Amino acid sequence: CLFSGALYARKKLSAHLANHASALPKLKVLQSHGTQDMILSYLVGDALKQLLESNNVSVDFIQFNGGHTIPPECLPKLAQMIKDL
């Protein structure tokens, strides 16, 4: 789960993803980011999503109109993710 996650270490994360490429299609990520986040820009959250998806990671991305918070619509998805695990 990545709530207001952001991409800052692109080279390091890209290398890590490349080293684990065979496992990535099995990985499921729940990510959310507010379009008005003043702490971590929405753009770096979207960049993280795009990098993950370009490496065959399944990303359930919840974009919301708000700031640096966890929106209520994430909670049922988080609960289901935990149940599935």
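Is Lys83 buried or exposed? Select Lys83 and show its surface: at 67% relative accessibility, Lys83 counts as exposed (over 50% relative accessible area is exposed, under 20% is buried, and anything in between is partly exposed, with a 1.4 Å probe on protein chains only).

Before you click on, some housekeeping. This is a predicted model, where local features need pLDDT of at least 70, side-chain atom pairs count only at pLDDT 80 or more, and totals for chains, interfaces and linings use all residues. Residues are numbered from 1 along each chain as its sequence is written, and side-chain values use heavy atoms, with hydrogens and water left out.

Stay on Lys83, which sits in helix α3.

Next, switch to cartoon view. Helices (H or I, at least four residues) and strands (E, at least two) are DSSP runs, numbered from the N terminus. The C-alpha atoms fill a box of roughly 35 × 30 × 15 Å along the principal axes. Of the 85 residues, 34% count as buried.

Now for the inside. Select Leu7, Leu17, Leu24, Val29, Tyr42, Ala47, Leu48, Leu51, Leu52, Val57, Val59 and Phe61: these 12 residues are the largest nonpolar core. Such a core is a set of buried Ala, Val, Leu, Ile, Met, Phe, Trp, Tyr and Cys residues joined through side-chain atoms within 4.5 Å. Colour α2 (42-54) and β3 (58-64), the elements that give two or more residues to this core; α2 gives the most, with 5.

Zoom in on Leu51. Ignoring neighbours within four places in sequence, Leu51 is in contact (heavy atoms within 4.5 Å) with Leu7, Arg10, Leu13, Ser14 and Leu17.

Last stop: the largest pocket, with a volume of about 210 Å³. Select Lys28, Val29, Leu30, Ser58, Asp60, Lys77, Gln80, Met81, Asp84 and Leu85 to see its lining. A pocket here is an open set of points on a 1 Å grid over the protein atoms alone, where a 1.4 Å probe fits, with protein on both sides within 12 Å along at least five of seven lines; lining residues have an atom within 4 Å of a point. The volume is the space filled by probe spheres set on the points, which are joined across faces, edges and corners. β2 (28-34), β3 and α3 (74-84) each supply at least two lining residues, and the largest share, 4 residues, comes from α3.
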